[in-house]
Every structure is written in structure tokens, then in C-alpha cells.
Amino acid sequence: MTTQLSNMPILYSLQHCPYAMRARIAIFKSQQPVLIRAIKLNNKPAEMLALSTKGTVPMLVSQVDGIDTEVVEESLDIMLKVLNDNDPNHLLSSQGNEPLAEVITIIDDFEKHFFVAVEAYKCAKRYQETNIVERRQACEVYLQKLEVRLSQHAFLSSEHEGLLDIALMPFVRQFSKVERQWYQQSPYPKLRAWLNQYLQSPMFTKVMAKHELWVENHRDIIFGDVKK
């Protein structure tokens, strides 16, 4: 491993996991490349499990000369870490009148409640349960809040993209995929436009690129190099 690579952080990631997705978005926005190690939940690398008893993704590992120095295991903590290191788009200061601490509280609330509601909604659709409308309506309580925000400004906190946008977008995307036809006709035009601008962006294409699994040949893959 070259000196450059041996000092580059390592990100263990799962392609479609919303938590890993938002970590990759923050890394991309921070313009600080990492070595990405794609995993499968049923075949986690021994190197990853040796660093964490949780064994969940995303996980960011800092290294100096190839020696692991710090492990960050929560996606929001990863986002805050990389953006505190470098935030060229001012994502941590683009929340309008809302203090960053308040934005983090909102993110936590959505993570604890909206994500759970979306998972229940997905299960209702997958198993053709009779309560799918109720499951969807439980999610809509949160969508309505986002629609109100987007009726006031272009992004969730202000006229500029901020932490709240990139933290919540992957979860809204999950919701949108459950009943696509209903979603396209749903009473959330601002939210649909907001999500669509992400889904159609070059950034999203790069963030969602599929990488070969780390366990297959242990090849170093650089992610987040904006010069490419």
C-alpha cells in the first residue's frame, strides 16, 4: 500500500443502506476521498469485525501509515466528522435560523421514527398486508412536515442545501420506492421535486456506484475523489 493510501480513511459500506448512503454523500460533499470497502451483510470482512463488535455499516476508520487510529460507527457521526474537517459547500452552516444542534435533533427524530415507519410500510407492501394504507399514513405525518419546509424555501432548512437535506434524503427515497405510482400522484409536489433533483444529479450517480466486494480480492478503491 502506498503512503498516500495508507493514510487515507477507510469506509466500510453497503450500497443501498440509507445510513451508508448518507455517509457517502457527506464524504463526497467534503471532497475528502476515502478507501471504500463494499460488504455484504452475510459475509463481513474479518478486518471490519476485528474493529467493531457491532459489525454494522457505515463504519469509518482513520489510519496513519496503515495503522488504524479511530473508528466511527454511526452514520451521523461520520457526516459530522468529515464535514467538520472540510465543508466547502457550507452544509453545517446552511440551516437558516435553526441552530445546528436543533437540526441534529430533527435528524435523530426522523431516524428513530420515520425510518421505523417506512420499514413497516415496506413490510406491509411486501407481504400484501391489509394495513398498508395505515402504514403509509404513519409515514406521511413526517412527509407533511418536509413539504411545509420546502414550501418556505428551496431546501429543508433554508435556500441553500444543508446537513438536514443530505441526512434525510436517503430515507425519503426509500419511502418513494414502496408504492411508486401512489408516490408520483401524492400531495407532496415540493418534496418530489426536491428528491428528484438529488436522484438526477451526477453526485448521486457517483455515490450509488456499485463496487466490487472487499472480501473478493482486497483491492483498494478510492471513493470521493472529485477530480475524477
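## Q63 and its polar contacts

A polar atom in the side chain of Q63 lies 2.7 Å from the backbone oxygen of M8. The model is predicted. The Q63 side chain also reaches the backbone oxygen of L5, at 2.9 Å.

Q63 sits in strand β3, residues 59–64. Q63 counts as buried because its relative accessibility is 6%, and buried means under 20%.

## The α5–α6 pair

Helix α5 covers residues 100–126 and helix α6 covers residues 132–152. Their axes come within 8 Å and cross at roughly 145 degrees. The crossing is left-handed.

On the α5 side, the contact residues include I106, F110, F114, V118 and Y121. Those of α6 include I132, R136, C139, L143 and L146. By class, the residues of this contact are 14 nonpolar, 1 polar and 5 charged.

## The nonpolar cores

The largest nonpolar core has 62 residues. L83, F114, L163, I166, F175, L191 and W194 touch the most other members. Eight elements each supply at least two residues: α2, β2, α4, α5, α6, α7, α9 and α10. The largest share, 10 residues, comes from α5.

F175 touches F114, V118 and Y121, as well as R136, C139 and L143. W182 and Y183 are also on its contact list, which leaves out residues up to four places away in sequence. Another core lies apart from the largest one. This other core has 10 residues, among them I10, Y12, I39 and M59.

Notes
Residues numbered from 1 in each chain as written. Predicted model: local features only at pLDDT ≥ 70, side-chain atom pairs only at ≥ 80, totals over all residues. Heavy atoms only, no water. Axes fitted to C-alpha atoms, helices over the stretch in contact; angles between N-to-C directions. Helix = DSSP H or I, 4+ residues; strand = E, 2+ residues; numbered from the N terminus. Left-handed = near helix turned anticlockwise from the far one by under 90°. Contact = heavy atoms within 4.5 Å. Nonpolar A, V, L, I, M, F, W, Y, C, P; charged D, E, K, R; others polar. Core = buried A, V, L, I, M, F, W, Y, C linked by side-chain atoms within 4.5 Å. Buried < 20%, exposed > 50% of the residue type's maximum accessible area, 1.4 Å probe, protein only. Polar contact = N/O pair within 3.5 Å; in protein donor to acceptor, adjacent residues only side chain to side chain.
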